Amino acid sequence: MKILAANRLRDGEAVWFSTERGWVRRIAEAEIALDKEAEERLAAAGQAGKRDNEIVDPELIDIEIVDGSVRPIRLRERIRAAGPTIRPDLGKQARPDFSAAA
Amino acid sequence: MYRYDEFDREFVTSRVAQFGDQVERRLAGEITEEQFKPLRLMNGVYLQLHAYMLRVAIPYGTLSSRQLRMLAHIARTYDRGYGHFTTRQNMQFHWPALADIPAALADLASVEMHSIQTSGNCIRNVSADHFAGAAADEVADPRPYAEILRQWSSVHPEFIFLPRKFKIALTGAERDRAAIKTYDIGLHLKKDAEGRLGFAVWVGGGQGRTPLLAKKIRDFLPEQHLLSYITAIMRVYNLYGRRDNKWKARIKILVHETGAEEFARQVEAEWEKLKDSELKLADADIRAIEAYFAPPLLVDRPEGDEAVRLARLDSKSFSDWLDRNVFTHRHPDYASVTVSLKAIGETPGDISDSQMEAVADLAEKYGFDEARVSHEQNLVLPHVARADLKAVYDELVEIGLATANIGLITDIIACPGLDYCSLANARSIPVAQEISRRFASPERQADIGELKIKMSGCINACGHHHVGHIGILGVEKKGAELYQVTLGGSGDENASLGDIVGRGFGPDEIVDAVETIVDTYLAIRADKSETFLQAYRRIGPAPFREALYGREAKAA
């Protein structure tokens, strides 16, 4: 399973892609690709996002579902989805709408 | 301190305007990321995990109070209320929005600061001994030469697209506090038998994936030849340095593969053509730059000795701080104070906006308006009257910056690691914090004595782990963090690279492993005066391996 991650051009914030909502700030809202075809659709959305200057560095990342929530396989991507582990007062984890991605 | 002349001011201001225009065009979609990335990097703007990062140059680590206040202003206005001092004496802000960076750079320019050449394959910010111009053991202040190098290397057309980044460090004392042997070029300012100033020139040091210590290619280069000789080195590197492989592109690889002797011969041959050119520095020009670094007028304050003696009797914590954080000044009534940014359990090198302002106030009130950044991620007040030490200490206590741990096990160097950095493979800060908490007891730290732990979250070695007495390198193995330990490294005048001790440790094992290493040292040291590094150099890794891996080590 994969989702599409990127950084927003204007402020660098980590975002993920959703066909319905566009580039979203919460990983929980990211669209999950279950097969090759869906991955290709996401990759194309990444290229479009780049072209439209909304985001930079789009990248498909591996995830798993844990207790119904999206959980990136790599620690790097889990930290990106929450914020610095040593500063819980900063980044996405500090926002009221944050739900821990397992 | 150096003050910008008209040319400097015009150059930095026009660069801010130029970059502002580039950012505007990028946000408007007129230029692509591929076009923009090299431009932003040349202005110190990186993209990391959570946001952009702005790296601000602090030439040779020297700051005035107003510059330190401006860094506080940047932290508060454009960032999240703090900044991070790096091992290159720079400051990094981890949260600025791209759209705000031109305004931040304009604010920085108003106090003669910038981010130019804090990234990219060019000559980076030149670093120097943090006690320069103050230390009792110094031959001369190396900063005027660092400033000459800064002016010469800024947008130098020949050296702006080198095979790879290029870093120069200077020291003016036998004791190397600037880690010059880990630099592309390390310059040791000294005097010859006739009392003339010049440099021992070291080339080809570096950490990263292939750690190598610099080789001395010239024992004495007269000061007027600084630029002609460095140009000769750069030309040889620019010509023969590899551009086909990023991992072999640093000058250290060229020096290593060519051999120091042959490399030196090539440099000398090139220098023959340059030494009498316009690159030869006129004495008047050197002295003019030197004048900017004239030491403050230090009036005698002989009452300091008695004041310090009495205050010591009154407060053990002040006494401990004096023993750890105060360094001998060339004027007997003065001292250099290190402000530890390593409070127990805190992030090494991080400082809040209000702490920056408070240190700026202290520098203004007691320190001739000057502060320094050390490569060990602390701040320094270089010129404080001994009579004022207690007042400075009391004010540092108020702002939580009076930790008495310089050179001790909790004075850890750590890179930002995977908590921020997109290059990192593992976290550094939480490990540093846990080690700091484990060894929090001042008595225990004092008993252990001098022990430098340095850690990096990836092979690039921003945290100098190769030259840590105990070095820790974070890697990613099968999706999890793993920490490799090296022992016996040192970044001073007797530099050495650490030896890998054995297999790595998981995040829940690494602090115990450090404790095992420390306990082993305490058990094997000849007496309390033998430091960790001395004991390691005397005995070698065997007892540490045995303690860490037990039977596993014997079997191997």
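This is a predicted model: local features need pLDDT of at least 70, side-chain atom pairs count only at pLDDT 80 or more; totals for chains, interfaces and linings use all residues.
On conventions: local features need pLDDT of at least 70 and side-chain atom pairs pLDDT 80 or more, while totals for chains, interfaces and linings use all residues. Side-chain values use heavy atoms, without hydrogens or water, residues are numbered from 1 along each chain, and chains are lettered from A in the order in which they are written.

Chain B has 19 helices and 20 strands, taken as DSSP runs, H or I of at least four residues for helices and E of at least two for strands. The C-alpha trace spans about 60 × 60 × 60 Å along its principal axes.

Of the residues in chain B, 62% are buried, meaning under 20% relative accessible area with a 1.4 Å probe, protein chains only.

Now the rings. Over all chains, the search finds 19 aromatic pairs; Phe, Tyr and Trp rings (the six-membered one for Trp) pair with centres within 6.5 Å, and planes under 30 degrees apart are stacked, over 60 edge-to-face, the rest tilted. B:Trp321 and B:Tyr393 make a tilted pair, 5.1 Å centre to centre with 50 degrees between planes. B:Trp321 sits in helix H11 and B:Tyr393 in helix H13, so the pair ties together parts 72 residues apart in sequence. Both B:Trp321 and B:Tyr393 are buried.

Ring pairs also link B:Tyr521, B:Phe532, B:Tyr536 and B:Phe544 into a cluster.

Definitions and conventions
Buried means under 20% relative accessible area, exposed over 50%, partly exposed in between (1.4 Å probe, protein chains only).
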